[in-house]
Amino acid sequence: MLLFCPTCGNCLIAAEGAIRMKFQCNTCPFKYDVTKRITRKTYPKLKELDDVLGGAAAWENVDSTEERCPKCSHPRAYFMQIQTRSADEPMTTFYKCCNHQCAHNWRE
């Protein structure tokens, strides 16, 4: 796939010719007729994301409180507070249901 002019090195632009599409250079007379369909897919490599809450180990030494689970209505939930925004904003409270079959996570 041609992207740059082999003569002057400038970027080629796609232009419509009389019969078919072509690549042409804006600075020199170079032209290249497109004879077949040109496609290329590239997928970016996604970076690995860190768990904001610290993973399963972060929930090992937390306290529980009387907070009702919105999913299973269990009356108690584990909680932890983390400063997720700027210092002048209040801390975010994260909850995890004490019912081990449910283990629903939510925040306030």
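## Close-up views of a predicted model

**View 1. Q24 and K31 meet across two strands.** The bridge partner of Q24 is K31, which belongs to strand β3. This view, like the others here, comes from a predicted model. Three bridges link β3 with strand β2 (residues 21–24), and the two strands pair in the antiparallel sense.

**View 2. Three strands make an open sheet.** Stepping back from that pair, we find the strand order β1-β2-β3, with antiparallel pairing. At the edges are β1 (13–16) and β3 (31–33), each of them pairing on one side only. On average, neighbouring strands in this sheet are turned by 30° against each other, direction ignored.

**View 3. Seven residues form the largest nonpolar core.** Here you can pick out C5, L12, F23, C25, C28, F30 and V34, the members of that core. Have a look at C28 in particular: setting aside neighbours within four places in sequence, C28 is in contact with C5, T7 and C8. Another core, of six residues, lies apart from this one, and its members include C69, C97, C102 and W106.

**View 4. T93 sits in strand β6.** The strand around T93 spans residues 92–97. Is T93 buried or exposed? T93 counts as buried because its relative accessibility is 10%, and the cut-off for buried is under 20%. The side chain of T93 makes a polar contact of 3.1 Å with the side chain of Q81. Not counting residues up to four places away in sequence, T93 touches F79, M80 and Q81, along with W106, R107 and E108. One of these, W106, is also a member of the six-residue core from the previous view.

Note on methods. Residues are numbered from 1 along each chain as its sequence is written. This is a predicted model: local features need pLDDT of at least 70, side-chain atom pairs count only at pLDDT 80 or more; totals for chains, interfaces and linings use all residues. Side-chain values use heavy atoms; hydrogens and water are left out. A nonpolar core is a set of buried Ala, Val, Leu, Ile, Met, Phe, Trp, Tyr and Cys residues joined through side-chain atoms within 4.5 Å. Buried means under 20% relative accessible area, exposed over 50%, partly exposed in between (1.4 Å probe, protein chains only). Contact means heavy atoms within 4.5 Å. Helices (H or I, at least four residues) and strands (E, at least two) are DSSP runs, numbered from the N terminus. A polar contact is a pair of N or O atoms within 3.5 Å; within protein, one must be able to donate a hydrogen and the other to accept it, and residues adjacent in sequence count only if both atoms are side-chain atoms. Two strands pair if DSSP finds at least two bridges between them. Axes are lines fitted to C-alpha atoms, for helices over the stretch in contact, and angles run from 0 to 180 degrees between N-to-C directions.
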